[in-house]
Amino acid sequence: DSAAVYHATATAPVNIAVIKYWGKTSTKLNTPTNSSLSVTLSQDDLRTLTTASCSAQFQADALWLNGAPHDVSNVRSQACFAELRALRKAKEDRDPSLPPLSSYKLHLVSENNFPTAAGLASSAAGFAAFVRAIADLYDLEETPTELSRIARQGSGSACRSLFGGYVAWEKGSRDDGKDSIAVQVAPESHWPTMRAAILVISDAKKGVSSTAGMQSTVATSTLFPNRANVVVPARMEAMKKAIAEKDFETFADLTMADSNSFHAVCLDTVPPIFYMNDTSRSAVRIVEEMNRCAGENIAAYTFDAGPNAVIYYEEPAQDIVLGVLKKAMPAAIGWSDKYSKIEAKLPDG
Ligand code: PMV
């Protein structure tokens, strides 16, 4: 039917790594120098909602993000389109009664339920929702792990957003990237008391893109090989064990150490890359001091390629953790029960 328009809608949540991905072995394939592990945030709070449609009438592939048109001619989007179309084409070849959707142009309409001004990396949820929506439109039977291989080519960290809960991205060893995929370590329900608060320290766009930053760290940092080859492999195993045992003390130690290690290799890059600012560093001091006073880890900070902090804690410690942070960081506002946003309206760095 040449007039028909086919639709599917999917969502994908934001994930925040506790063992960071930093460094690529191939910029074309987005294969990482080390494995990584993240916690997927709740769908209710931070997610991308994407509707994919296709029709024989559409003239070109197109994407609208939060109402504005976005370029899809970049290699990342093209790689995702090509892989998904190839899977659909194989399905149509097996069953010729299916409509030939693989030959139609795609329109994608994407919306984030969090303010872009929050300065949170949205590419992970964005590419995961992009891939999930097209896979649903095409009625593909591929598992989330199989789809993670495609989302990875859009944005590395996107491969982890195809799952909820605790997710490992196993770096793989093949040159073609086929075994560089995400797997769920534990579902969200495994650790029902886990919470995350987001401290929005600055909504400015990050100065150095993650791709450019990774390339220059890999090329110049003398600390980096030790991080990628020795430190992270050991931490991946320790983190999986801490999650299996719901051992927050160890989870927090590893999360904070890995964030600091990632920012240390950024500082060790030539020229140095600074993602954290003075306000970020005061958040680190507050959490360290809070844990010292408690005599155990009640909170853990982590920072991505920007100054904003994500603070993990367990629900019984919520009042004390958020209470201390709100007092120390002015203009705090709650975001939701499960994942709270606290805005720290302090001057930038
Ligand atoms: O997926 P990218 O290219 O935006 O890189 C993300 C890198 C970090 O957020 C800093 C770490 C991570 O593992 O998510």
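Of the 15 residues around the ligand in this predicted model, Ala17, Tyr21, Ser157, Ser210 and Asp304 come nearest, where near means a C-beta atom, placed from the backbone, within 6 Å of the molecule. Helix H2 (123–137) and helix H4 (210–220) are the elements that give two or more residues to this shell; helices here are DSSP runs of H or I with at least four residues, strands are runs of E with at least two, and both are numbered from the N terminus. Domain 1 (5–189) and domain 2 (194–343) each supply at least three residues to the shell, with the bounds taken from an automatic or database domain assignment.

A word on conventions. Residue numbers start from 1 along each chain as its sequence is written. Since the model is predicted, local features need pLDDT of at least 70 and side-chain atom pairs count only at pLDDT 80 or more, while totals for chains, interfaces and linings use all residues.

Asparagine 30, in the loop between strand E3 (24–26) and strand E4 (31–32), has a positive phi of about 55° despite not being a glycine. Asparagine 66 sits in the loop between strand E7 (62–65) and strand E8 (68–70), and its phi is positive too, at about 50°. Asparagine 30 counts as buried because it has 24 C-beta neighbours inside 10 Å, whereas asparagine 66, with 13 other C-beta atoms within 10 Å, is partly exposed; the cut-offs are 20 or more for buried, 12 or fewer for exposed, and partly exposed in between.

Then there is proline 271, in the loop between H6 and helix H7 (278–294). A cis peptide bond links valine 270 to proline 271, with omega about -10°.
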